[in-house]
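Subject: Structure handover

Dear colleague,

Here is the structure for your files. My notes on what was found follow below it.

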Amino acid sequence: MGLFDFFKKKPVEDIVEIEVLYPSSWENGMPPVKVVVVEVLQPTPGKAVDIILPIRNTTETETETETETETETETETENASQKLDSGLSKTKKTWSERWNAFMANFRSVDEDFFDDLEETLIGADVGAQTAIQITEELRDEVKLQNAKSKQEVSAVIVDKLVSLYRSQGIDEDASMHFAPQGPTVILLVGVNGVGKTTTIGKLSAYYKNAGKKVVLAAADTFRAGATEQLVAWGERNGVPVVTGTAKADPASVVFDGVKTAIDTQADILFVDTAGRLQNNVNLMQELAKMKRIITRELPNEPQEVLLALDATTGQNAVQQAKLFKDSTDVTGIILTKLDGTAKGGIILPIRNELHLPVKWVGLGENVTDIQPFEANDFAKSLFGSLLTE
């Protein structure tokens with residue numbers, strides 16, 4: 001039977017009974033039943049209707065799409081700025097309180113004034129070395145501008161702080177580096193408890209959403225539950241995780257991870273390394289072994305060795321950074337838990353004393369609570385309220 005013969009066929013007038021169950025109580029042990037009569041409709045020949053489709057206006061659609069894209073980009077930038085402001089709320093509050101208390105005691109610009117200023121800066125976690133440097137520079141700046149009133153002095157000092165903060169990053173390379181071809185290997189290092197594994201989970205989601213093919217290697221085989229934690233992040237983000245047995249040689253996991261990244265043509269391989277004490281020679285040598293294995297398979301890798309630092313530890317984080325920098329080729333800093341501390345000022349000594357770029361900041365527990373570090377945005381958020389007061 002042909003197609004047209006099918007449509008010429010006389011419509012069927014079967015009656016179908018459908019049983020529908022309703023969420024109501026049973027009576028006498030029997031479920032409530034409703035019977036509905038439904039007529040089965042068939043196509044009727046000669047009843048076709050012409051449908052006129054609207055003509056697509058390509059120019060208008062493209063313009064609308066471009067406008068939508070621009071709006072989305074602006075919204076993302078706005079959200080990132082708002083998230084940074086929110087994440088720095090505790091630090092900003094501390095800065096403002098310390099600054100207001102300092103200026104409340106202002107009498108004149110003398111030696112006591114600069115001694116108090118130095119103490120205030122140290123208390124704000126900028127570090128002793130940085131505080132001394134800033135104070136010395138401010139002596140000259142206040143004299144140069146002949147600032148005398150409280151408002152004038154405050155404006156000069158805060159403006160100098162912002163200027164100094166921004167100047168630290170002029171020759172700083174805070175961008176992420178990627179291999180021109182083949183997988184890019186990124187190692188995360190740091191002591192236990194700073195949030196390395198969680199940060200890898202966030203970064204893997206970030207780059208997967210950017211269209212990159214990501215693989216994770218669980219080389220932290222010593223900490224109980226570390227592999228399982230990374231596997232959970234992999235499942236959550238839809239990213240494969242290369243694992244080894246408990247207490248296995250971490251370097252063997254790294255080797256398998258590199259091979260997997262090459263075989264699957266992945267764009268990025270993130271390696272979660274064992275949390276190590278910065279003064280543990282054996283663990284530092286193990287890190288060097290990992291790098292040798294990576295270089296043997298991919299001569300130009302790893303592109304990045306990112307040191308995760310817990311912002312809540314303040315000056316202790318700076319000491320960790322100094323020791324890690326001396327023992328391995330750290331390319332950048334990830335400052336975690338910035339939203340949970342009033343010690344965000346440690347970014348200044350990290351940049352001023354160590355000359356290590358802060359590349360990422362963690363601003364919460366959610367998978368999207370991580371963003372690239374922007375020095376100007378950070379300075380504006382941290383000091384902006386003081387400039388307007």
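Predicted model: local features only at pLDDT ≥ 70, side-chain atom pairs only at ≥ 80, totals over all residues.

Residues are numbered from 1 along each chain as its sequence is written, and side-chain values use heavy atoms, with hydrogens and water left out.

Overall make-up

The protein has 13 helices and 10 strands; these are DSSP runs numbered from the N terminus, helices being H or I with at least four residues and strands E with at least two. Of the 389 residues, 42% are buried (buried is under 20% relative accessible area, exposed over 50%, partly exposed in between, with a 1.4 Å probe and protein chains only). Among contacts (heavy atoms within 4.5 Å) between residues at least 6 apart in sequence, 75% join residues at least 24 apart.

Aromatic rings

There are 10 aromatic pairs in the structure. Rings of Phe, Tyr and Trp (its six-membered ring) pair if their centres lie within 6.5 Å; planes under 30 degrees apart count as stacked, over 60 as edge-to-face and the rest as tilted. One of the pairs is Tyr 206 with Trp 360, which is edge-to-face because the ring centres are 5.0 Å apart and the planes stand at 85 degrees. Tyr 206 belongs to helix α7 (residues 196-209) and Trp 360 to strand β9 (residues 358-362), so this pair ties together parts 154 residues apart in sequence. Tyr 206 is partly exposed, at 34% relative accessibility, whereas Trp 360 is buried, at 2%.

The pair of Tyr 207 and Phe 270 is tilted, with ring centres 6.2 Å apart and planes at 35 degrees. Here helix α7, holding Tyr 207, is linked to strand β6 (residues 268-272), holding Phe 270, across 63 residues. Both Tyr 207 and Phe 270 are buried.

Ring pairs also join Trp 99, Phe 102, Phe 106, Phe 113 and Phe 114 into a cluster. Separately, Lys 212 lies over the face of Phe 178, 5.7 Å from the ring centre (a charge sits over a ring if NZ of Lys or CZ of Arg is within 6 Å of the ring centre and within 35 degrees of the ring normal).

Ser 96 is in helix α3 (residues 89-104) and is buried, at 13% relative accessibility.

Thr 120 sits in helix α4 (residues 111-123) and, at 15% relative accessibility, is buried. Apart from neighbours within four places in sequence, Thr 120 is in contact with Arg 98 and Phe 102.

Gln 145 is in the loop between α5 (128-144) and α6 (150-167). With a relative accessible area of 45%, Gln 145 is partly exposed. The side chain of Gln 145 makes a polar contact of 2.9 Å with the side chain of Glu 141 (a pair of N or O atoms within 3.5 Å; within protein, one must be able to donate a hydrogen and the other to accept it, and residues adjacent in sequence count only if both atoms are side-chain atoms). The C-alpha atoms of Gln 145 and Val 156, 11 residues apart along the chain, are 7.9 Å from each other.

Regards
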